2 protein chains.
Amino acid sequence: MDKIQREPIMLDVNHMMSDIIGFQYGIDVSEVMNMMDAAQAAQAAVEKHRGTGWLGWMDLPYNQAAILERIEKVAASVRKEFDAFVVLGIGGSALGPIAVQQALNHQRWNDLPAEKRGGPKLYVEDNIDPERMTSLLDVIDISRTCFNVITKSGATAETMSQYLIISDLLKKTVGEGWQKHIIATTDTAKGNLIQLSLKEGFELFYIPDSVGGRFSELTPVGLLPAAVCGIDIRAMLEGAAAMDARCKSGDVWKNPALLEAVLQYIAMEDRHANVQVIMPYADSLKYMADWFCQLWAESLGKNVTRKGMAVNLGQTPTKALGVTDQHSQLQLYTEGPYDKVITFLKVGAFRDEVTIAHGCEDFKDVAFLGGKTLNQLLDAELHGTEYALYRAGRMSQTITLPQVNAYTIGQLIYFFEMATAYAGELLDIDAFNQPGVEESKIASYAVLGNTSAKYVKKAAEMKGRPNLVKRYML
Amino acid sequence: MDKIQREPIMLDVNHMMSDIIGFQYGIDVSEVMNMMDAAQAAQAAVEKHRGTGWLGWMDLPYNQAAILERIEKVAASVRKEFDAFVVLGIGGSALGPIAVQQALNHQRWNDLPAEKRGGPKLYVEDNIDPERMTSLLDVIDISRTCFNVITKSGATAETMSQYLIISDLLKKTVGEGWQKHIIATTDTAKGNLIQLSLKEGFELFYIPDSVGGRFSELTPVGLLPAAVCGIDIRAMLEGAAAMDARCKSGDVWKNPALLEAVLQYIAMEDRHANVQVIMPYADSLKYMADWFCQLWAESLGKNVTRKGMAVNLGQTPTKALGVTDQHSQLQLYTEGPYDKVITFLKVGAFRDEVTIAHGCEDFKDVAFLGGKTLNQLLDAELHGTEYALYRAGRMSQTITLPQVNAYTIGQLIYFFEMATAYAGELLDIDAFNQPGVEESKIASYAVLGNTSAKYVKKAAEMKGRPNLVKRYML
């Protein structure tokens, strides 16, 4: 494995500020100053509850020695024994594994010959689309595949359905010893998966009680798939710890996650910036954007009561990819409503360099490209976009990863988690629950004919919906 | 090839309307009535200019007989002679080919054995990330690969850079006859690519003058890659024509694209719904969402002057995937700000059915899943989500494709294109330009040291930017 450089990631918020982009939409430094006390209190509140309640994820960078050893041991055995490793999970059980694999391994991992990978192909199956399930089964050899069933609650309908389908197939295909093809990652006590695992004798990893799904990437949820794909999970945790060390201050000018939370708070509450675009300028980081979108949306999208009034909070995170989406979204970002913050993820040094050959010297428009590198072109386009937004008085910020490696990815994950926790405090909401998804779940179980009382009641209620109007369907 | 069923797609907007979801956020039918004249005028204006100006795409369902024949001939030869087909393009030259391939072919096309595919692997390279380029070159055999270079302007820096890299490699690897590995798709007269193609003798397809990049999927831009992957491109065009026939009426209650445009206009202008979430409940349709996001964002995100005032229009499209993103975004959609419309894409009948095995009968939470199908579970979850949004008084709408096939995808593409054109008319903007991306392009060329006068001038201007404040970087 390459020697991983350990450099800090950097948050540059100049283009959020009024002294740079102008005071019509920029944030004034005095507004940040007005938030200093609230910020300090938010930081103190989060720090005070470290490791308790739903803040168990703050302990993950530390004290996992025994777990790490077991993860690495199991991963080594999976690497030796299987051709494919399939994560069955959804939401927080899938987005992290996908993001970390894309960030840290070859971008066409599954297309590489086995000897170049040195480990199994990775599939993360985070949907129940029947065509997708069939497609997967068309291309894997189930008798050479290990399945990692991940559900915190142990009762996620999608994941448990996948489990039922796969375990049935394994019994039929592999027969005796089929249990060796399944690794379960779940809560220490709650749910069905833990009981099944104990009964069947599955290899078993735990998600601590005090860590919610979307904060679970640094538990075995994320660490096992990463280790199976040869990623240095210890360096990830080291990176997280390094970011944690930068979050010990209550001074916004010294704590990057706190500064981020304060600026987004102001953007949301005082600038009507109800959209945050996260735009990595690197294919390796494109699924980090998805991971962030869950974290930010589920944590902060909340209905609360303030002074007796119902208030609906939250900022819609949406992802774009640089430079690609300059050709699909930038028109909107520069000329559309002043309703968004653009968060760039920038890579200091890519792991490859590709030179653009000469050969268009006769064509004035493109002659200058010959001899440059793709790296230079990409960097220039990021500069250009940032500048165009600046000229249009739009808010943007840039998070720079000096390199993309396990250490910087660990920092980035922990940075966003802390920023989310601080933002929750500033907004005075519970950032760690998701009450708004219950209604949909109950209604769908009712549709499926679950006979428990609450679903039967819901099914009756659903029949009372107004008749749909025919002419509203074309 | 299977017999493709020819059924109409359906737009259901009941959950947009106040008589269903309540009048606090729902749209009142009287509001639609007030728009009847404007809608009729918009429809007439679009129809009047059919085929002219930037409305050349309205002719694409018709009169392409000679082109189709040539596409099919070239595609047949590519299928015979190459192992991989790589699209080099970005924005409108990439999103359509990606979306149609994902919709209509096996979801793990490239992983299938060659004999099951009956054609080459498909790669669409729509970024200039150097790691991505290296990754691609690691897994393809360039001497067995055909490259389709697509740029309408013929001067897109990203695509021309890719062309320079690849043509150089082909010359070195293949030597004589390297030109047979390149197919160009570009403007009939403008730009560098047409000149290069004529000089080198590349196989050449044209994008009509009157068709902009984001409206070009039904030109050779989209049709050639689709045909290479065995897709029935004639059925796609038939579907587009069928939708066109439904767009001949100026009555919103008879023209689905017009109804869609009117409702989104009201949502944007009168309901502060500055976000539209497009949420297919099918993995096959997930990149149709990306294609739509470009169309909607670039076409409607515009800065215009109204009564002497600068106004910034547009709705930020963002994509989600059902059921997956119920576990990452639904919390925000049900409890967050009332600022969005959710557009579901629903599949009537999937091409596969997967039964969930029994085996969890002891567990009350999940026992009811055994014996159901993934299809039923997915459908129930869509119902549940729609119902939860309805209960929360949120606007949603559902576009149903009876099956996902070339005919319904053709309809869907044309539906969104027409809705976009109508919405542009209603907003009184030019939906077919993208002036807002110039600034970024010029600035990036300036950074790269292009010596033409306008770039030199821009470079000087960029130096005048305020000094970045150190403490705004952590």
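Predicted model: local features only at pLDDT ≥ 70, side-chain atom pairs only at ≥ 80, totals over all residues.
Local features need pLDDT of at least 70 and side-chain atom pairs count only at pLDDT 80 or more, while totals for chains, interfaces and linings use all residues. Residues are numbered from 1 along each chain as its sequence is written, with chains lettered from A and ligands numbered from 1 in the order in which they are written.

Start with the sheet. In chain B, five strands line up as E3-E2-E4-E5-E6 in an open sheet with parallel pairing (strands are DSSP runs of E, at least two residues, and helices are runs of H or I, at least four, numbered from the N terminus; two strands pair if DSSP finds at least two bridges between them). E3 (121-125) and E6 (203-207) of chain B sit at the edges with a single partner strand each, so one side of each has no neighbour in the sheet. From one strand to the next, the twist averages 15 degrees. Five bridges join E4 (residues 145-151) and E5 (residues 182-187) of chain B in the parallel sense, and Asn148(B) has Ile183(B) of E5(B) as its bridge partner.

Now the helices. H3 (residues 36-48) and H17 (residues 406-427) of chain B have axes that come within 9 Å and cross at roughly 120 degrees (axes are lines fitted to C-alpha atoms, for helices over the stretch in contact, with angles from 0 to 180 degrees between N-to-C directions). H3(B) and H17(B) are therefore oblique to each other (under 35 degrees is roughly parallel, over 145 roughly antiparallel, 65 to 115 roughly perpendicular, and the rest oblique).
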